[in-house]
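User: I have a structure open and would like to go through it with you. Can we start with the charged side chains?
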Amino acid sequence: MIPKASQRAGGQDLATHLLNAHDNEYVELAELRGAVADDLHGAFAEWEAIAHSLTKCRNYLYSLSVNPDLGQGQLSRDQYRDYAARVEEALGLTGQPRALVFHIKEGREHCHIVWSRIDAQAGKAIHQPFDHDKLMMVTREFARDHGLTLPAGYERGGDDRKKKSLYETQQERNSGLTKEERMAAVTEAWKRSDTPRAFVRALEEMGYVLATGSRPYVLVDLYGNMNALPKLIDDRSIRTKDIRAFLERDFPPETLPTVDEAKALVASHRQAREDFVKSGRDAKKLDLLKAAQAARREKVEAAQSTMLARHRQEVGALSQEHLAARRQLRTRYLDEAKRVKEARAAAKPTGLAAFLGRVTGVSFVISKLHKHRDAQRYAAFQVEKAALAEKQLEARRVQEHRHTLQAIDAAREVRALEQIEARELKSYEVAQRKQERIQQRQGHHHMPSLNLVLKPKGRSAVPHKAKDRYRARDRQRDHDRRDDRHQGQENNGTADRQAEDDRSDLRKAFGAAVKKPAEKAQDQQSGKGESARGGRGGDGGKGAVRRRQRTRRRDSEIAMPEDQVQVFETPTLHVPEPHWTELPLANEFREAARDRDEAGGARGSDGRRIKPSRSKRGSERGDDDKDFERER
């Protein structure tokens with residue numbers, strides 16, 4: 001037989017594990033002592049509360065599993081209890097709260113024993129020094145007394161590297177590959193590889209990625225498991241420093257992906273494969289499991305419904321009982337009052353006795369005595385009524401408290417059942433995934449190759465190059481984003497400049513269109529004045545005609561065609577048209593408008609120009625008219 005023991009916490013998880021009906025064909029809670037609750041979740045919750053209230057102990061449970069050797073026959077229940085009693089005596093756990101659970105898994109019966117390490121009377125946890133050595137001694141004595149042979153694993157010494165840890169057991173459970181198969185595959189790849197590249201390529205063919213973590217060289221497999229490379233090479237002559245010296249030539253640790261990066265590299269490939277296989281999974285087993293869970297849940301829900309119905313009946317019965325007691329007390333008081341009243345009426349004097357009683361005052365004294373006795377009897381009734389009410393209130397409180405505790409127990413059972421169902425579904429998923437992964441290997445003792453994920457077609461799969469390639473792709477994407485941002489800013493600047501140019505052209509065209517009529521008005525004013533007085537320098541108005549002709553030629557050179565002006569009047573760009581006061585020629589426009597207004601003011605009411613007198617015109621010309629004409 002092989003016992004395995006540990007000090008632990010997490011009683012709820014342990015109870016869920018012990019009651020998992022998917023991993024075990026048969027589950028039986030054979031014994032539970034030292035707890036008010038009659039289920040594992042409730043008992044472990046009580047032991048945890050005692051541990052936290054009395055001590056600072058975290059690992060308040062001592063769990064032991066006993067697995068007999070099927071080759072030597074099954075152990076009887078008495079033999080299991082005998083072994084448990086021997087362990088209690090050796091570890092000082094005699095009389096401690098204990099739970100005993102029997103499992104049958106794949107036709108093999110085994111037992112789980114869980115003790116509470118908390119001594120409630122002493123208020124401390126029972127220390128367990130050298131518990132594994134004590135278990136070894138108890139196991140040898142038990143095997144000798146019952147004629148059993150210890151397995152080879154219980155021999156002292158041996159290769160510790162071949163012993164499986166809990167993490168390795170979990171890896172085997174998830175992948176279907178044993179530790180020995182992993183070690184054999186990696187060792188074979190090591191022996192047949194003459195260069196580091198060949199060794200890494202062989203590892204990739206077997207579904208491993210060479211990465212770096214807390215140790216320089218770590219293997220991450222297709223299923224996301226992590227193992228140190230030196231521990232998977234089954235060769236005592238190979239040291240860790242030899243492995244590092246061999247790989248550092250081509251694969252320095254700083255060039256390898258980290259464990260998280262390696263897991264990310266294999267996650268997509270693994271997820272794709274598992275989703276494809278999961279889509280074709282047969283759902284009959286899952287339907288059977290859910291049907292069994294539904295039947296078990298139906299029993300629990302039926303028990304809960306029955307409990308609630310019983311609570312309602314108990315509440316109604318207690319209410320009826322209390323009401324009957326109150327009515328009985330009231331009836332008894334009224335009957336007593338009626339009896340006293342009838343007795344007084346029968347003893348009441350009549351005739352001369354009644355007259356003498358009234359005269360002497362005896363009747364008055366008797367009436368006062370009767371009232372006093374009635375008051376005493378009513379006060380006693382009130383006291384008895386209050387006592388009855390208090391008693392009934394306490395009974396209701398006790399009943400409500402009992403119902404609350406029972407409801408809490410029922411809710412805990414439902415919650416524990418939900419935890420058990422979740423664990424069973426998880427166990428089903430793990431078992432299905434393990435079976436599917438075994439089928440995917442197609443008889444090989446290694447995982448599928450990672451070449452499809454870590455390299456494109458026609459190239460060797462090198463994890464650190466794949467990592468660098470992804471990083472280079474990220475850097476290129478960042479550069480592209482910066483270039484796009486810079487180009488977008490340039491385009492925005494170009495569009496702004498184009499809009500500004502269009503706005504300038506619009507201002508120029510608008511200024512030219514405004515300036516033309518202003519100059520015409522000024523020429524007309526100056527021409528009329530000169531022709532009225534016969535022109536400057538006595539040319540008979542020919543100078544004014546020449547000036548008007550030069551002005552027309554200059555306007556024809558400056559003015560734009562009407563079809564082009566229309567283009568600027570309706571610009572294609574969505575640019576707001578500026579107000580004329582914002583244009584650069586706004587001042588000239590104001591001056592032209594002022595001159596036009598002044599010219600209009602110089603005319604008469606009929607629109608004709610009022611000619612100034614010759615004397616006034618002569619004074620306006622001044623003495624420097626000849627110099628002015630000469631300069632022109």
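User: What do the side chains of Glu88 and Arg98 form?
Analyst: In this predicted model, the side chains of Glu88 and Arg98 meet in a salt bridge, at 2.9 Å from N to O. The pair links distant parts of the chain: Glu88 sits in helix α3 (residues 77-91) and Arg98 in strand β4, ten residues apart.

User: Are Glu88 and Arg98 buried or exposed?
Analyst: Glu88 is buried, and Arg98 is buried as well. For Arg98 the relative accessible area is 6%, and buried means under 20%.

User: Which side chain meets Glu31 in a salt bridge?
Analyst: Arg98 again: the side chains of Glu31 and Arg98 form a salt bridge, with 2.7 Å from N to O. That pair also links distant parts of the chain, with Glu31 in strand β2 (residues 26-33) and Arg98 in strand β4 (residues 98-105), 67 residues apart.

User: Why does Glu31 count as buried?
Analyst: Glu31 has a relative accessible area of 18%. The cut-off for buried is under 20%, so Glu31 falls in that class.

User: Which residues are linked in a network with Glu31 and Arg98?
Analyst: Arg33, Arg81 and Glu88 are linked with Glu31 and Arg98 in a network of salt bridges.

User: How many salt bridges does the structure hold?
Analyst: It holds 21. One of them joins Arg297 and Glu301, whose closest N and O atoms are 3.8 Å apart.

User: Where do Arg297 and Glu301 lie?
Analyst: Both are in helix α10 (residues 284-347). They are four residues apart, which is about one turn of the helix.

User: And how accessible are Arg297 and Glu301?
Analyst: Arg297 counts as partly exposed at 21% relative accessibility. Glu301 is partly exposed too, with a relative accessible area of 39%. The partly exposed class lies between the 20% limit for buried and the 50% limit for exposed.

User: New topic: cysteines. How many disulfides are there?
Analyst: A search of the whole structure finds zero disulfides. As for individual cysteines, Cys57 is buried, with a relative accessible area of 14%. Cys111 is buried, with a relative accessible area of 0%.

User: Now the chain as a whole. How many helices and strands does it have?
Analyst: The protein chain has 19 helices and ten strands. It has 632 residues, and 32% of them count as buried.

User: What is the accessible surface of the protein chain?
Analyst: About 39500 Å², and 52% of that belongs to carbon and sulfur atoms.

User: What about contacts between residues at least 6 apart in sequence: what share join residues at least 24 apart?
Analyst: That share is 73% for the protein chain.

User: What is the mean pLDDT of the protein chain?
Analyst: The mean is 76, and 67% of the residues reach 70 or more.

User: Which elements have the lowest and the highest mean pLDDT?
Analyst: Helix α13 (residues 451-454) has the lowest, at 42, and strand β6 (residues 118-119) has the highest, at 93. Over residues 452-467 the pLDDT is below 50, and this stretch has 37 contacts in the model beyond near neighbours in sequence. Residues 557-586 are also below 50, with 30 contacts beyond near neighbours in sequence.

User: How should I read the coordinates where pLDDT is low?
Analyst: Where pLDDT is low, the predicted coordinates should not be read in detail.

Key
Residues numbered from 1 in each chain as written. Predicted model: local features only at pLDDT ≥ 70, side-chain atom pairs only at ≥ 80, totals over all residues. Heavy atoms only, no water. Helix = DSSP H or I, 4+ residues; strand = E, 2+ residues; numbered from the N terminus. Buried < 20%, exposed > 50% of the residue type's maximum accessible area, 1.4 Å probe, protein only. Contact = heavy atoms within 4.5 Å. Areas by Shrake-Rupley, 256 points an atom, 1.4 Å probe, with all protein chains shown as cover. Salt bridge = Lys/Arg side-chain N within 4 Å of Asp/Glu carboxyl O. pLDDT = per-residue confidence, 0-100. Disulfide = S-S within 2.5 Å.
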